[in-house]
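Dear colleague,

Please find below the structure that I am handing over to you.

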Amino acid sequence: MRKKSQFIRSKSRFLSPLTSDIQLYTALMDRTPIVVFIGAELVGSGVIEDITELSVAVKGERYMRGVCTFKYAG
């Protein structure tokens, strides 16, 4: 007999935006790969190294939170 939990499928986060502080900090703590966009242009990717009120650091580069969109890469 199968357990009920075997039928639950996790929703893919691939390219889902990180829109809240908790999502950004969870990605930082879990070392989840992300991608960074300005408009439709991909400008960076990697693991979050630091987060401030104004920016997110990825691979030594700082991206402004008000300008960029951060999405799950994996």
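The notes below go from the overall fold to individual residues.

This is a predicted model, in which local features need pLDDT of at least 70 and side-chain atom pairs count only at pLDDT 80 or more, while totals for chains, interfaces and linings use all residues. Residues are numbered from 1 along each chain as its sequence is written, and side-chain values use heavy atoms, with hydrogens and water left out.

Overall fold

The chain contains one helix and five strands, in the order α-β-β-β-β-β from the N terminus. Helices (H or I, at least four residues) and strands (E, at least two) are DSSP runs, numbered from the N terminus. The strands form an open sheet with the order β4-β3-β2-β1-β5 and antiparallel pairing; two strands pair if DSSP finds at least two bridges between them. At the edges are β4 (61-64) and β5 (69-72), each of which pairs on one side only. On average, neighbouring strands of this sheet are turned by 50° against each other, direction ignored. Axes here are lines fitted to C-alpha atoms, for helices over the stretch in contact, and angles run from 0 to 180 degrees between N-to-C directions.

Strand β3 (residues 55-58) pairs with β4 in the antiparallel sense over four bridges. Within this pairing, Ser 55 stands opposite Met 64 of β4. Helix α1 (residues 21-30) lies across β1 (33-38), β2 (41-51), β3 and β5, and runs at about 75° to β2.

Surface and burial

Of the 74 residues of the chain, 27% count as buried. Buried means under 20% relative accessible area, exposed over 50%, and partly exposed in between (1.4 Å probe, protein chains only). The accessible surface of the chain comes to about 5,600 Å², and carbon and sulfur atoms account for 55% of that surface. Accessible areas come from the Shrake-Rupley method with a 1.4 Å probe; for residues, only the protein chains shown count as cover.

Ile 38, Leu 54, Met 64 and Val 67 make a nonpolar surface patch of about 380 Å². Patches are made of residues with over 30% relative accessible area and no salt bridge, with like charges joined within 9 Å and nonpolar side chains (Val, Leu, Ile, Met, Phe, Trp, Tyr) within 5 Å. Met 64, which lies in strand β4, is partly exposed, with a relative accessible area of 43%.

Salt bridges

The structure holds two salt bridges, a salt bridge being a side-chain nitrogen of Lys or Arg within 4 Å of a carboxyl oxygen of Asp or Glu. One joins Asp 21 to Arg 65, with the closest N and O atoms 2.3 Å apart. Asp 21 lies in helix α1 and Arg 65 in the loop between β4 and β5, so this pair ties together parts that are 44 residues apart in sequence. Asp 21 is partly exposed at 42% relative accessibility, and Arg 65 is partly exposed at 23%.

Arg 62 forms a salt bridge with Asp 50, the closest N and O atoms being 2.6 Å apart. This pair links strand β4, which holds Arg 62, with strand β2, which holds Asp 50, 12 residues apart. Arg 62 counts as partly exposed at 44% relative accessibility, as does Asp 50 at 30%.

Individual residues

Contact means heavy atoms within 4.5 Å. Residues 24 or more positions apart account for 41% of the contacts in the chain with a separation of 6 or more. The contacts listed below leave aside neighbours within four places in sequence.

Is Thr 32 buried or exposed? At 8% relative accessibility, Thr 32 counts as buried. Thr 32 lies in the loop between α1 and β1 and is in contact with Arg 13, Ala 27, Gly 46, Val 47 and Tyr 72.

Glu 49, in strand β2, is partly exposed at 49% relative accessibility. The contacts of Glu 49 are Leu 28, Ala 57, Val 58, Lys 59 and Gly 60. Glu 49 and Gly 60 are 11 residues apart along the chain, and their C-alpha atoms are separated by 7.7 Å.

Ala 73 is found in the segment after β5 and counts as partly exposed at 27% relative accessibility. Ala 73 is in contact with Phe 14, Pro 33, Ile 34 and Val 35. From C-alpha to C-alpha, Ala 73 and Pro 33 are 5.3 Å apart in space, although 40 residues apart in sequence.

With kind regards
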